[in-house]
Amino acid sequence: MQLLLLSLIVGVTVAVPPQEKRVHHQRDLSDHAHDDAHSFQYDHEAFLGKEEAKTFDQLTPEESKAKLGKIVDRIDTDKDGFVSHAELHHWIKHRQRRYIEENVDKHWKEYDQDKDGKIAWTEYKNTTYGFYLDDEFSDVENRESYKAMLMRDERRFKVADKDGDGIASREEFTAFLHPEEFSYMKDLVVQETVEDIDKNGDGKINLEEYIGDMYTSEDGENEPEWVNTEKKQFSEFRDVNKDGFLDASEVAQWILPGDVDHADIEAKHLIHETDRDNDGRLSVSEIMDKLDKIKISTITDYGNLLLKDHDEL
C-alpha cells in the first residue's frame, strides 16, 4: 500500500485549501488536498501514514524499495502475493488509528505526572498553564487569552470526562485531544467552531465572519475566485434556512459531514491508479513498477510535503 502512495507522488506541493480547514472527516488521511490533477501527496500520506512517510526522505531508491516491500508484505495479510481492496482498506484505517494512538501516547507521558495511569484535570491544568495560574496571569501580556484558553480546556475536559470524576481515563483523554472522533463530543466541536468564527458574539455565523475565518484581504488585492465560490456556498447550501446566518445545526452539517468512509474511497482510488491488469487487486510487481515514478517527500509539521528528486536521497 505504501508503495502505491509513494508511486503516485509526481506533483507540486499543495496546501489544504483554507475553505476546507474547518471540515472534520474521520481522522485525516493527509493534510493535503485530494487533487490528483495537481499532486498525489494525499495518496502518499494516506498510504504511508503522515509520520512514517518522512523516513523515506533519508533512503536511497534501493532502500525505499526494500522498505516498501516489507510494508506490502504486512498489508498482504492472507499471504497470497496480492494486495486486495479489503487489505488496503484495513491498512489505511490502521494508519489512521495509529496516528491518534501515537499522539495520545506522546501527551499521556507529559501529563500523567504521578504515573498512576490516569490524568486528573489538575495535572493537565498545572502542566499546561503552570506559573500563569500562580499569580493569576498578572504578568502575562495576553492574560485574557490565557484565561479563555483555560476555561475552554476545562469545559472540554469535563465533557470528555464521561463519569464526571475529574480524572480522565485513556479513552476520555483521547476524546479530549481528538473530540471529532467521538460522537458524544460532537456538540462541543460545533460549539467551539461557532465560538472561533463568531466575532460579534451573537451565537451564530454571518457571511462576513464565515469568509473572514478563511480569508483576509490586503489593500488593493483582488479576491481569489474561491472566495466568491465560498460566498455562494454559504448562501446557497450552508445557510439551509436562508436567514443569512449559520446556526449550530447548520454548522454541524458543514463541519461534520456524514459517515463517509474515506479510507475505503482512498483504497479504491489507489487500486484504480495502480492496477495494470484490472483484476481488482495489486501484485507486488504492479506496486514496485510505480517506484520508478516516485519522488520521495519529507513531511514536516506532521504533514507538509516537500518534494525532492531521487538523486537527492
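At what angle do helix α10 and helix α13 pack, and how far apart are their axes? In this predicted model, helix α10, formed by residues 186-197, packs against helix α13, formed by residues 248-255, at an angle of about 100 degrees. The axes of the two helices are 9 Å apart. Angles of 65 to 115 degrees count as roughly perpendicular, and α10 and α13 are therefore roughly perpendicular to each other. On the α10 side, the contact is made by Val189, Val190, Thr193, Val194 and Ile197. These residues meet Ala248, Val251, Ala252, Trp254 and Ile255 of α13. By residue class, the contact of α10 with α13 comprises nine nonpolar residues, one polar residue and no charged residue.

Helix α12 consists of 14 residues, 225-238. At 1.5 Å a residue, a helix of this number of residues should span 20 Å, and the end C-alpha atoms of α12 are 18 Å apart, which agrees. Within α12, the residues Val227, Glu230, Phe234 and Arg238 are buried. The elements covering the buried residues of α12 include β4 (205-206) and α11 (207-212), together with β5 (245-246) and α13.

Histidine 107 lies in helix α5, which runs over residues 85-111. The relative accessible area of histidine 107 is 19%; the limit for a buried residue is under 20%, so histidine 107 is classed as buried. When residues up to four places away in sequence are not counted, histidine 107 touches Phe173 and Leu177.

The unreviewed UniProt entry lists "domain: EF-hand" for residues 63-98, 99-134, 148-183, 185-220 and 262-297. Two of these spans are described here from the model. Residues 63-98 are 75% helix and 6% strand, and the end C-alpha atoms of this span lie 24 Å apart. Residues 148-183 are 58% helix and 6% strand, with end C-alpha atoms 25 Å apart.

For the chain as a whole, 15 helices and eight strands are assigned. The chain has 313 residues, of which 44% are buried. Among contacts in the chain with a separation of 6 or more, 62% are accounted for by residues 24 or more positions apart.

Note on methods: Residues numbered from 1 in each chain as written. Predicted model: local features only at pLDDT ≥ 70, side-chain atom pairs only at ≥ 80, totals over all residues. Heavy atoms only, no water. Axes fitted to C-alpha atoms, helices over the stretch in contact; angles between N-to-C directions. Helix = DSSP H or I, 4+ residues; strand = E, 2+ residues; numbered from the N terminus. Parallel < 35°, antiparallel > 145°, perpendicular 65-115°, else oblique. Contact = heavy atoms within 4.5 Å. Nonpolar A, V, L, I, M, F, W, Y, C, P; charged D, E, K, R; others polar. Expected span 1.5 Å × (residues − 1). Buried < 20%, exposed > 50% of the residue type's maximum accessible area, 1.4 Å probe, protein only. UniProt positions renumbered as here; feature names shortened; annotations may be inferred.
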